[in-house]
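Here are my notes on this model, as numbered points. Please keep the structure open while you read.

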Amino acid sequence: MQRLRPDEQPDSRLLVVTITEEDVQSQSQEKPQGSLSDESLLKLLQQLEIYQPQAIGLDIYRDRAVKPELPELAKHLHNSKHLSAVCRVSDRQSEHPGIKSPPEIPLERLGFSD
């Protein structure tokens, strides 16, 4: 039955921002921080805020605190009412310890990706 349905076009109200390998490589490589540095994340969030989104979902694991020299990002992550982030729960069957949530994101704006 799924195959018989007509193809659905992407919803024009949604914007998906992806991070490519080129994006990762173009960031400062002094202290690699994963797929998105604190500085790059702050720039991205500031750019998205211009468009007054109803929701922003951050589907990137960030199990560490924001660097102390970037308090603006920590404040933004904590105070933004429409920003949600993810963590990964531990799985005893596969012995995966899980991945903690960003410490700046309150629990009510936290989801899980598994």
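1. Start with the pairing of strands E1 and E2. Gly57 stands opposite Ser84, a residue of E2. Strand E1 covers residues 56-58. E1 and E2 run parallel, and three bridges join them. Keep in mind that this is a predicted model.

2. How does the chain get from E1 to E2? The path leads through H3. This β-α-β crossover is right-handed.

3. E2 has a second pairing. Strand E3, residues 110-112, pairs with E2 over three bridges, again in the parallel sense. Here Ala85 has Leu110 of E3 as its bridge partner. Is E2 mostly covered or mostly open? Mostly covered: four of its five residues are buried.

4. Now take helix H3, residues 71-79. Its buried residues are Leu73, His76 and Leu77. Why do they sit on the same side of H3? They cover an arc of only 95° around the axis, and that puts them on one side. Pro71 and Lys75 are on the other side of H3, and they are exposed. The buried residues of H3 pack against helix H2 (38-49) and strand E2 (83-87).

5. Next, the length of H2. The helix has 12 residues. At 1.5 Å a residue, H2 should span 16 Å. Its end C-alpha atoms are 16 Å apart, so the two values agree.

6. Which residues of H2 are buried? They are Asp38, Leu41, Leu42, Leu45 and Leu48. Seen down the axis of H2, the buried residues fall within an arc of 130°, so they line one face of the helix. An α-helix has 3.6 residues a turn, so residues three or four places apart point the same way. The buried residues of H2 pack against E1, H3 and E2.

7. Look at the largest nonpolar core. How many residues does it have? It has 15. Those with the most contacts inside this core are Leu41, Leu45, Leu58, Leu73, Leu77 and Leu83. H2, E1, H3 and E2 each supply at least two residues of the core. The largest share, four residues, comes from H2. In soluble globular proteins, nonpolar side chains tend to be buried together.

8. What does Leu41 touch, leaving out residues up to four places away in sequence? The contacts are Leu36, Leu58, Arg62, Leu73 and Leu77. Leu41 is one of the buried residues of H2.

9. Now compare two loop residues. Ser37 lies in the loop between helix H1 (21-26) and H2. Gln52 lies in the loop between H2 and E1. Which state does each one have, buried or exposed? Buried means under 20% relative accessible area, and exposed means over 50%. Ser37 has 10% relative accessibility, so Ser37 counts as buried. Gln52 has 67%, so Gln52 counts as exposed.

10. Ser37 and Val66 are 29 residues apart in sequence. In space, their C-alpha atoms are 9.4 Å apart. Gln52 has a phi near 50°. That is a positive value in a residue other than glycine.

Key:
Residues numbered from 1 in each chain as written. Predicted model: local features only at pLDDT ≥ 70, side-chain atom pairs only at ≥ 80, totals over all residues. Heavy atoms only, no water. Buried < 20%, exposed > 50% of the residue type's maximum accessible area, 1.4 Å probe, protein only. Arc of directions from axis to C-beta. Contact = heavy atoms within 4.5 Å. Pairing = 2+ DSSP bridges. Right-handed = clockwise from strand over helix to strand, strands pointing away. Core = buried A, V, L, I, M, F, W, Y, C linked by side-chain atoms within 4.5 Å. Expected span 1.5 Å × (residues − 1).
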